[in-house]
There are 4 protein chains.
Amino acid sequence: MAGRLSGKRILITQCNDYMGPAAAERMRAEGAEVIADASDLREADAAERVVGAAGAIDVLVANLAAPANLGVAASEMPDEIWHEMFDVMVHPLHRLCRAVLPAMYERKRGKVLVYGSATGLRGLAGVSAYSAARSAQVGYVRTVGLEAAPHNVQVNLIAQNWTENPAYFPPAFTETDAFNALLEQHVPMGRLGKPHESAALAVFLASDDADFFAGQSFPFSGGWNQ
Amino acid sequence: MAGRLSGKRILITQCNDYMGPAAAERMRAEGAEVIADASDLREADAAERVVGAAGAIDVLVANLAAPANLGVAASEMPDEIWHEMFDVMVHPLHRLCRAVLPAMYERKRGKVLVYGSATGLRGLAGVSAYSAARSAQVGYVRTVGLEAAPHNVQVNLIAQNWTENPAYFPPAFTETDAFNALLEQHVPMGRLGKPHESAALAVFLASDDADFFAGQSFPFSGGWNQ
Amino acid sequence: MAGRLSGKRILITQCNDYMGPAAAERMRAEGAEVIADASDLREADAAERVVGAAGAIDVLVANLAAPANLGVAASEMPDEIWHEMFDVMVHPLHRLCRAVLPAMYERKRGKVLVYGSATGLRGLAGVSAYSAARSAQVGYVRTVGLEAAPHNVQVNLIAQNWTENPAYFPPAFTETDAFNALLEQHVPMGRLGKPHESAALAVFLASDDADFFAGQSFPFSGGWNQ
Amino acid sequence: MAGRLSGKRILITQCNDYMGPAAAERMRAEGAEVIADASDLREADAAERVVGAAGAIDVLVANLAAPANLGVAASEMPDEIWHEMFDVMVHPLHRLCRAVLPAMYERKRGKVLVYGSATGLRGLAGVSAYSAARSAQVGYVRTVGLEAAPHNVQVNLIAQNWTENPAYFPPAFTETDAFNALLEQHVPMGRLGKPHESAALAVFLASDDADFFAGQSFPFSGGWNQ
């Protein structure tokens with residue numbers, strides 16, 4: 001049986017972090033050839049090198065994640081935390097896109113799917129640096145999505161929050177009463193999202209069924225965004 | 001092979017109009033049992049009757065469409081056009097939801113998917129009544145989505161525009177130069193969406209993969225919304 | 001001393017309800033001639049009659065409010081509550097605009113300012129009918145704002161919530177512990193807005209300083225919307 | 001006669017660029033004591049130095065502008081243009097806020113008003129780096145606005161576009177046919193905004209009348225955003 005991504009070569013960056021493992025697993029199950037890359041993309045030439053090594057790809061999954069540093073107020077946020085957000089999540093996003101888009105434009109086909117955050121769409125006290133960087137991703141995707149659309153290249157973003165992942169929701173946190181209080185206050189659905197649910201959205205957006213979306217950010221947050 | 005909607009009973013309203021035919025076809029291809037209903041839902045008791053006749057359903061596809069009456073300025077819009085929008089697209093939406101939600105709440109499972117419009121999210125001169133009614137749908141879904149989420153019932157909306165359908169984009173229109181100029185000005189993707197693409201989004205949102213969305217409106221507009 | 005609205009004739013509808021009294025007081029203090037009308041606008045010809053009686057006006061303040069009926073779930077919301085929202089807040093808005101816009105278009109000058117609600121922009125469980133109607137206002141203003149802009153007529157909306165007013169926040173409610181818990185959960189500013197603060201926004205938007213806004217909804221909610 | 005900002009000490013950064021001159025003029029006319037600072041804020045300690053030199057201030061107007069570099073596609077955008085956006089408009093914004101917020105929190109009073117861009121809210125092909133940086137500002141303000149609200153400190157942003165200023169709309173551009181075509185396509189109001197209109201919004205948001213806004217971005221774009 002042919003999967004919904006069969007025949008597609010998909011590059012997933014920072015593959016061991018954030019949604020990398022879940023996306024890789026489900027995309028492979030749908031028939032994709034996944035190039036899972038674990039490089040640190042902070043260096044100026046890393047993105048180009050990774051894209052070059054991957055060869056021709058149909059879909060770039062720009063999975064970029066820095067620690068959220070939850071709870072550091074903006075009034076006290078040191079430069080080093082601030083810059084790490086942009087160095088890990090924002091600047092590499094542009095370099096990755098700049099590296100993959102020309103070949104996609106030439107073939108008149110291709111997709112970039114960014115694993116972003118719903119904090120790029122709605123405020124959340126305590127994550128100012130993180131949400132600034134995630135908002136930069138949202139804005140970049142919005143504009144690059146418009147530039148890429150006439151080339152039949154789709155650039156979109158998954159704006160997730162409240163989804164299980166070891167980086168932001170480790171068991172040591174999710175098993176506390178404080179966490180349950182947070183869920184009740186913030187997440188109408190009353191639970192965390194499952195990685196395989198988030199990956200299902202990624203599969204849909206990476207598939208040929210999703211050729212008419214341009215520059216969009218798709219909230220995936222159990223209703224937190226509404 | 002089991003489809004992605006196999007085992008699901010899905011009621012599609014106003015089934016011969018707007019996205020009804022495309023949704024029915026693709027949902028059946030994915031294994032759903034589709035109850036396609038063509039009733040006029042303007043009468044006060046029609047929604048309840050249709051839902052009652054359908055029996056237990058897993059998904060309601062609230063497909064409701066009135067003519068957009070493109071080009072009638074608000075300053076001249078007569079009451080009858082105005083009211084038709086709300087009578088056809090807004091009031092029946094509430095009555096349909098009121099009729100299906102209690103059983104879904106009881107079973108702790110179910111979905112309502114509304115076929116709305118991107119004019120409920122962004123302005124477009126010349127369709128004031130239509131966009132007011134479509135915005136009412138967006139707002140209703142946003143709030144009912146929050147109410148339904150704790151019951152594990154997902155209420156969401158497809159906010160489409162610039163998608164092929166005989167009601168809003170008849171060939172007599174799409175084959176004109178004026179239409180091509182409109183496309184160029186408004187739709188970054190440079191083409192109309194295909195009904196099967198819109199139906200693919202509907203299949204995704206009706207499936208078990210989409211249990212973590214609540215009250216959302218998903219733009220489907222070739223980038224017009226960004 | 002000349003006020004910021006001096007020389008302007010301003011019609012305020014449903015003047016004894018919602019933000020009518022505060023807007024009238026502050027607009028008069030800024031030099032406006034305020035025509036405060038208390039008519040029930042539900043009848044089909046009431047809007048036209050009120051506008052006709054007012055004579056030439058520079059600004060229409062469409063202040064329309066129905067009881068929010070907080071706490072009635074959509075799954076149980078009866079038709080009569082549902083329809084009252086649209087009969088009081090939505091249909092009269094269109095009729096008022098239809099009545100005032102032609103003369104404003106002719107003079108190439110004028111403003112419509114709608115007193116709406118932030119529940120037209122964000123969901124809030126328990127007010128489905130109200131938020132659907134308020135969202136219709138938001139969408140109507142967005143589109144009519146675009147139609148009116150080329151005529152140098154500004155149509156905009158104040159999307160307020162959590163603002164003191166006897167209709168939605170009577171003292172019997174605001175003096176309870178439950179209310180304080182609500183404030184803490186929902187309103188970052190930690191207090192209700194004052195009517196005179198909301199009226200200050202209205203004065204600004206009604207003044208000649210606000211000629212470059214079109215179709216916008218301005219949240220006024222102590223941060224609830226963010 | 002006392003102005004609406006009388007008694008307020010207001011620091012305006014990058015005061016000779018973007019909206020600095022117009023804001024300074026109108027704020028002074030409203031009675032403010034304006035500290036107009038022209039420092040280059042790209043160096044790591046510049047923001048802190050400027051804030052320290054200003055002494056106690058009531059309002060920070062974070063006016064930060066880099067050239068938009070209109071027309072450079074993301075697929076070809078070099079690192080140096082990219083980084084300049086963040087070095088000029090994003091990193092200094094955080095450093096300025098970090099420097100002014102603690103004293104404002106202590107006094108339980110103060111405002112930060114950011115001169116941002118509507119491209120932080122809506123896409124525009126050809127300005128990917130600029131819109132990413134402006135979106136970072138929007139997201140930062142949204143979250144810091146929530147953090148600051150309980151301290152009675154208001155952090156908000158003016159999201160303008162299509163407003164006269166020598167940096168982005170020099171006469172050599174605005175007197176061309178191409179510019180008029182752009183206006184017609186993008187700006188419902190059919191003209192550029194005037195600096196004094198934008199400054200009027202800034203005066204309103206800097207005044208005591210605007211104590212109930214938190215983390216908001218106010219579009220000022222002649223309807224382009226709707």
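A crossover counts as right-handed if, with the strands pointing away from the viewer, the path from the first strand over the helix to the second runs clockwise; helices (H or I, at least four residues) and strands (E, at least two) are DSSP runs, numbered from the N terminus. The model is predicted, so that local features need pLDDT of at least 70 and side-chain atom pairs count only at pLDDT 80 or more, whereas totals for chains, interfaces and linings use all residues. Residues are numbered from 1 along each chain as its sequence is written, while chains are lettered from A and ligands numbered from 1 in the order in which they are written.

**View 1. The β-α-β unit of chain A.**
Strand 1, helix 1 and strand 2 of chain A together form a β-α-β unit that is right-handed. Strand 1 and strand 2 of chain A run parallel and are joined by four bridges, where two strands are said to pair if DSSP finds at least two bridges between them. Within this pairing, E33(A) of strand 2 is the residue opposite R9(A). Helix 1 (residues 20–29) of chain A lies across strand 1 (9–12), strand 2 and strand 3 (59–63) of chain A, and runs at about 160 degrees to strand 2 of chain A. Such angles run from 0 to 180 degrees between N-to-C directions, with axes taken as lines fitted to C-alpha atoms, for helices over the stretch in contact; contact itself requires that the C-beta atoms of two residues, placed from the backbone, lie within 7 Å.

**View 2. The open sheet of chain A and its edges.**
Six strands of chain A make an open sheet in the order 2-1-3-4-5-6, with parallel pairing. Strand 2 (33–36) and strand 6 (217–220) of chain A each have a single partner strand and stand at the edges, so one side of each is left without a neighbour in the sheet. From one strand to the next, the twist averages 20 degrees.

**View 4**
Over four bridges, strand 1 (residues 9–12) and strand 2 (residues 33–36) of chain B pair in the parallel sense. The chain passes from strand 1 through helix 1 (residues 20–29) to strand 2 of chain B, in a β-α-β crossover that is right-handed. In strand 2 of chain B, E33(B) is the bridge partner of R9(B), and A36(B) is that of I12(B). Leaving aside residues up to four places away in sequence, I10(B) touches a set of residues including L5(B), M27(B), V34(B), I35(B), I57(B), V59(B), V61(B) and A206(B). I10(A) and I10(B) have the most contacts inside the largest nonpolar core, which has 349 residues; a nonpolar core is a set of buried Ala, Val, Leu, Ile, Met, Phe, Trp, Tyr and Cys residues joined through C-beta atoms within 7 Å.

**View 3. Two loop residues with positive phi.**
W162(B) is placed in the loop between strand 5 (153–160) and helix 5 (171–174) of chain B, and its phi is near 60 degrees, a positive value in a residue other than glycine. W162(B) counts as buried because it has 22 C-beta neighbours inside 10 Å, given that a residue is buried if 20 or more other C-beta atoms lie within 10 Å of its own, exposed if 12 or fewer, and partly exposed in between, with C-beta atoms placed from the backbone. Y18(D), in the loop between strand 1 (9–12) and helix 1 (20–29) of chain D, is not a glycine but has a positive phi of about 50 degrees. With 25 C-beta neighbours inside 10 Å, Y18(D) counts as buried.

**View 4. The contact of chain A with chain D.**
Here 36 residues of chain A are in contact with 36 residues of chain D. On the chain A side, helix 3 (79–107) and helix 4 (128–148) are the elements that give two or more residues, and helix 4 of chain A provides the largest share, 16 residues. By class, this side of chain A has 20 nonpolar, eleven polar and five charged residues, where Ala, Val, Leu, Ile, Met, Phe, Trp, Tyr, Cys and Pro count as nonpolar, Asp, Glu, Lys and Arg as charged, and the others, Gly among them, as polar.
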